[in-house]
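Please read the following alongside the sequence and the 3D model. The text moves from strands to helices and then to a single side chain.

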Amino acid sequence: MSDMPQLFDRARRRHLRARSAGQPSVFLQWMAEDLAERLSAVARDFSDILLIGPLARFQGALQLPAGAKVKVAALSEAESALDAVLCEEDRLPFDPGSFDLILSAGTLDSVNDLTGALIQIRRSLRPDGLFLGSMFGAGSLIRLKRCMIAADGPRTAAHIHPQIDVRSAGDLLARAGFAMPVADGDRLTLRYSDPMRLVRDIREAGTGNALAGPRAGLGKSGFTRLLESWAAVAEADGKVSERLELISLSGWAPAPSQAKPARRGSGTVSLAEALRPDDEKPR
């Protein structure tokens, strides 16, 4: 891991998480409610659960099984509780097979080694254990990004890190060794009259610019250009429609009892024959 390029600044990332600790977050609340809905559709009992990141303060929305043992992997000291473990997703300290359910929301889009993080999550699961995750995807905050570029003037700088798309997320789940990997996309549309209210929502979710390298502020003139650019794309009621592209992840730790796909070439009926019209099939 020491040879892997560090796209994200780990210290900066911890600072963003610490700044958001204890704050309400419309983004994370929505993710927690979505995880709860997906979890309710799983006909399984879970006894040992790991919550990665800020989900600990949304346990009410998660509706976790009563009596389950819940462990928290906190990403900053400010987020950690007495029974939390301070760590990062690509540096999980847990023994293999420690949990039968792992939940994560709002943080995987800024992990330096996302494939490595998913592998460690899968290894931390018992055979036939379940991982459910939610992360920000490519195409999120597109209006704000454009307005920030306009605010920068002739010298643009990164203010929001890029994200991956749904297809890439599904490929990474498969590469990490999950059985029955699924990545789905959803869109959350929000409307803002003030871009700084959107910025506040981003900060309350603990996300933002965690990229490694120098960062440049907008300055007074840049802030003025930001407001002007935002007003220029506002609709008739003075509000701008912004969107979050959310990626839902799910995968199971492999187990011998799981259903397996049929062996390649084992079919007894050809696809061409099955698709032939009935009047062309031999009688």
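Two strands pair if DSSP finds at least two bridges between them. Helices (H or I, at least four residues) and strands (E, at least two) are DSSP runs, numbered from the N terminus. This is a predicted model, in which local features need pLDDT of at least 70 and side-chain atom pairs count only at pLDDT 80 or more, while totals for chains, interfaces and linings use all residues. Residues are numbered from 1 along each chain as its sequence is written, and side-chain values use heavy atoms, with hydrogens and water left out.

Strand S4 (residues 99-105) runs parallel to S5, and 6 bridges join them. Leu103 stands opposite Leu132 in S5. Of the 12 residues of S5 (residues 125-136), 9 are buried, so this strand is largely enclosed by the rest of the structure; buried means under 20% relative accessible area, exposed over 50%, and partly exposed in between (1.4 Å probe, protein chains only).

Next, the helices. The axes of H5 (residues 142-152) and H8 (residues 219-232) come within 8 Å and cross at roughly 135°. Axes are lines fitted to C-alpha atoms, for helices over the stretch in contact, and angles run from 0 to 180 degrees between N-to-C directions. From H5, Leu144, Cys147, Met148, Ala150, Ala151 and Asp152 make the contact with Gly222, Arg225, Leu226, Ser229 and Trp230 of H8. Contact means heavy atoms within 4.5 Å.

Ile202 lies in helix H7 (residues 195-204). With 7% relative accessibility, Ile202 counts as buried. Leaving aside residues up to four places away in sequence, Ile202 touches Phe27, Leu141, Leu144, Thr207 and Gly208.
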